[in-house]
Amino acid sequence: MLRVRSQEEMLEKYYRKHNLPTTWCPGCGIGTVIGALVRGIEGTGIPPESFVLVTGIGCYGPAGQYIKFNDVHALHGRCPSYGTGLKLANPALYPILLMGDGDASAIGGNHLIHAARRNIDLTAVILNNHTYGMTGGQHSPTTPSGIPAATAPYGVVEDSFDLCRLVQAAGASFVARTTAYHVTQMIGLITRAILHKGFSLVEVESQCPTYFGRYSNNPDPVSLLKWQRDNSVPVEKAREMKPEEIKDKIVTGIFVEEKRKEYVSEYYKIIPRLKEGK
Ligand code: SF4
């Protein structure tokens with residue numbers, strides 16, 4: 001059984017204390033997600049040196065500066081590609097892809113769906129705050145229709161992506177969603193996603209008070225967290241609700257968890273045949 005470490009022990013073991021405090025805005029959800037990530041990794045019992053954080057572009061990107069793991073900072077949208085290379089070169093590694101909604105579903109949308117299609121053994125923890133925070137609050141593919149943004153002062157016209165449905169349709173074998181409010185659930189889902197063999201997504205609904213909050217007339221981080229709490233519906237309950245009842249709700253929990261052929265295992269089966277020239 002794993003021993004529960006105190007906050008001081010966790011700080012010592014996992015954080016690059018000399019780089020703290022972080023540069024994130026007060027009330028931002030990223031710090032909560034990083035705290036849960038560390039606890040989720042701890043829960044796997046896998047040695048920290050087996051992990052590689054692959055961080056994307058945006059406010060979430062500097063995460064690797066603050067926690068003590070091997071890390072590589074990827075180009076725009078390319079976390080799944082870097083993760084694929086790492087996993088193919090050394091299948092013993094556990095690459096964790098840290099992408100925001102813009103990074104994962106706009107610039108990196110193609111990379112994301114093909115990693116899911118291959119069911120390659122990577123874990124993506126996508127932080128969805130529905131905005132491009134680092135560059136000033138432009139709308140992203142997950143900004144809800146009607147919400148204003150720096151690039152949509154009268155509200156976004158188009159409909160948004162449902163990241164879980166997108167990745168599920170592409171072929172991922174573990175797909176789950178939680179929120180920054182539901183920290184205990186987030187820790188458990190991250191542990192489970194890492195231990196799952198195949199492409200795993202944990203989408204985290206997170207708050208950006210500085211841009212998304214301000215543009216949507218709700219810049220108070222506490223009320224954004226309360227909004228997450230009051231508008232979340234567990235997937236089991238959502239299955240019994242009508243579409244109009246779950247519209248605008250955050251459906252949380254595990255959507256997919258199944259055993260399927262995994263890309264790296266299949267790839268390594270070919271290597272002996274290559275050596276024998278068959
Ligand atoms: S701009 Fe938004 S996402 Fe970026 S650090 Fe500030 S609150 Fe967080």
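1. Basis. This is a predicted model, in which local features need pLDDT of at least 70 and side-chain atom pairs count only at pLDDT 80 or more, while totals for chains, interfaces and linings use all residues. Residues are numbered from 1 along each chain as its sequence is written, and side-chain values use heavy atoms, with hydrogens and water left out.

2. Secondary structure and dimensions. The chain has 12 helices and 10 strands; these are DSSP runs, helices being H or I of at least four residues and strands E of at least two, numbered from the N terminus. The radius of gyration, 19 Å, agrees with the value near 19 Å for a compact globule of 278 residues. That radius is taken over C-alpha atoms, and the globule rule is 2.2 Å times the number of residues to the power 0.38. Along the principal axes, the C-alpha atoms fill a box of roughly 65 × 45 × 35 Å.

3. Of the 278 residues, 46% are buried (under 20% relative accessible area; exposed is over 50%, partly exposed in between; 1.4 Å probe, protein chains only). Among contacts (heavy atoms within 4.5 Å) with a separation of 6 or more, 68% join residues 24 or more positions apart.

4. T179. This residue lies in strand β7, residues 174–179. T179 is buried, with a relative accessible area of 0%. Its side chain makes a polar contact with the side chain of H182 at 2.7 Å, and also reaches the backbone nitrogen of Y181 at 3.0 Å. A polar contact is a pair of N or O atoms within 3.5 Å; within protein, one must be able to donate a hydrogen and the other to accept it, and residues adjacent in sequence count only if both atoms are side-chain atoms. Leaving aside residues up to four places away in sequence, T179 touches M186, V204, E205, Q228, S232, I250 and T252.

5. Y60. This residue sits in the loop between β1 (51–55) and β2 (70–73). Despite the loop position, Y60 is buried, at 4% relative accessible area. The Y60 side chain reaches the backbone oxygen of V125 at 3.1 Å. V125 is also one of the residues that Y60 touches beyond four places in sequence, the others being I30, V33, I34, L98, M99, G100 and L127.
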